[in-house]
Amino acid sequence: MEFHSYGGCMTNIYDRLAKKSLRTGSVSDAEILSVLKSPNRDLLLLLHSSYAVRSKYFGNKVRIHILNNVRSGNCQEDCRYCGQSGASGNRETAHPMKEQASLLEAADHAAKAGAYRYCMAFSGRKIPGPDLEFAADTVRKIRLKHPALRLCVSAGFLDTQSAKLLKKAGVDRYNHNLNTSGNRYKAICTTHTYDDRLKTLKTAVSAGLGVCSGIIIGLGESSKDIVRMCRDLAEVKAKSVPVNFFIPVKGHRIEKPGRLSPEVCLKILCAFRFALPAAEIRAAAGREHHLRSLQALSLYPANSLFANGYLTAGGDDIESTKQMIEDAGFTAESAE
Ligand code: SF4
């Protein structure tokens, strides 16, 4: 560990990164890499420094997001990590579009339970017109009852007209994950390209939608790939970055999933916090599986979590998530 004296105080290299991130809005590629490769014995110093950045933008608050998988499975795309791809052969978690009444009821529960955001996901390459109208109508109805509940939609590739319709209905974020770095995108999917995904993000931004775009760690990426993801997400002005840790769901076709330890996951969350200081960084899918007993430490770099599970995998419920937040000295930021 390298220490320097600043005005009589001993300051470590991670404090310097925090100051640089706060001052300039980012850190260099080499600095992101140094965080990813930092020794485990530095972890508490690293978390402490990343907290300085997180607390500047989000204080001690934690936003809980609730996902609703509105239509699951039977997707014509071949994303290898996904159990909803038709190529996965997994039919267990597939279901047709849910009834609107159940989506409204789930939004009601999310708001009453203290969620900050409710996210509706539709499987498939691109949402067909009637389904888009259905999504917009559902959003309008939720907006009427819960005007403060933030709403996100995830429905594949987006054209300008569809983006504007969702925006007008009251969606404030559109989710479309980059998942991995551009130079290894073909290793995880062959039916569309990284540029296709970037294009949808740009379309969402130009329609006035905030962009939620995340990654999946554990698909065989290198540290340099993670640095590239930080850069690309900063470039598309992602307001929200779900950092997912790969869950080996039924039907996945990732040949050599990466070995993730809680320490590795925490360092990655810190790297994203330094690289995108003002973004909502989420310890997303797989936090329970990979962070295990160190989950609460993720709140030092991250200011957001999912509760009640993921698209095709279960997870901690909202009550135990709120308890963890409170036990760690943070506060759940309710929408209402
Ligand atoms: S990640 Fe999305 S686009 Fe890819 S297979 Fe799964 S549902 Fe389809």
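1. Lys-145 is exposed because 11 other C-beta atoms lie within 10 Å; a residue counts as exposed with 12 or fewer such neighbours, as buried with 20 or more, and as partly exposed in between, C-beta atoms being placed from the backbone. Lys-145 belongs to helix α5 (residues 129-145). Its C-alpha atom is separated by 18 Å from that of Leu-166, 21 residues apart along the chain.

2. On conventions: this is a predicted model, in which local features need pLDDT of at least 70 and side-chain atom pairs count only at pLDDT 80 or more, while totals for chains, interfaces and linings use all residues. Residues are numbered from 1 along each chain as its sequence is written. Helices (H or I, at least four residues) and strands (E, at least two) are DSSP runs, numbered from the N terminus.

3. The largest nonpolar core has 95 residues, a core being a set of buried Ala, Val, Leu, Ile, Met, Phe, Trp, Tyr and Cys residues joined through C-beta atoms within 7 Å. Those with the most contacts inside this core include Tyr-174, Val-243 and Phe-272. Helix α9 (residues 262-275) gives the most to the core, with nine residues.

4. Leaving aside residues up to four places away in sequence, Phe-272 touches Cys-230, Val-241, Val-243 and Ile-281 (contact: C-beta atoms, placed from the backbone, within 7 Å).

5. Strand β9 (residues 240-245) runs parallel to β10, joined by four bridges; strands pair if DSSP finds at least two bridges between them. Val-243 stands opposite Ala-283 in β10. Together, β9, α9 and β10 make a right-handed β-α-β unit, meaning that, with the strands pointing away from the viewer, the path from the first strand over the helix to the second runs clockwise.

6. Strand β10 (residues 280-283) also pairs with β11 in the parallel sense, over two bridges. Arg-282 is opposite Ser-304, and Ala-283 has Leu-305 as its bridge partner. Both faces of β10 are covered: Glu-280 and Arg-282 on one side, Ile-281 and Ala-283 on the other, are all buried.

7. In β11 (residues 304-307), Ser-304 and Phe-306 point one way and Leu-305 and Ala-307 the other, and all are buried. Strand β3 (residues 61-71) pairs with β11 in the parallel sense over four bridges, with Ile-66 partnered by Ala-307.

8. Which residues are around the ligand? They are Cys-75, Glu-77, Cys-79, Cys-82, Gln-84, Ser-85, Ser-123 and Gly-156, taken as those with a C-beta atom, placed from the backbone, within 6 Å. By class, this shell has three nonpolar, four polar and one charged residues; Ala, Val, Leu, Ile, Met, Phe, Trp, Tyr, Cys and Pro count as nonpolar, Asp, Glu, Lys and Arg as charged, and the others, Gly among them, as polar.

How values were computed:
Contact = placed C-beta atoms within 7 Å.
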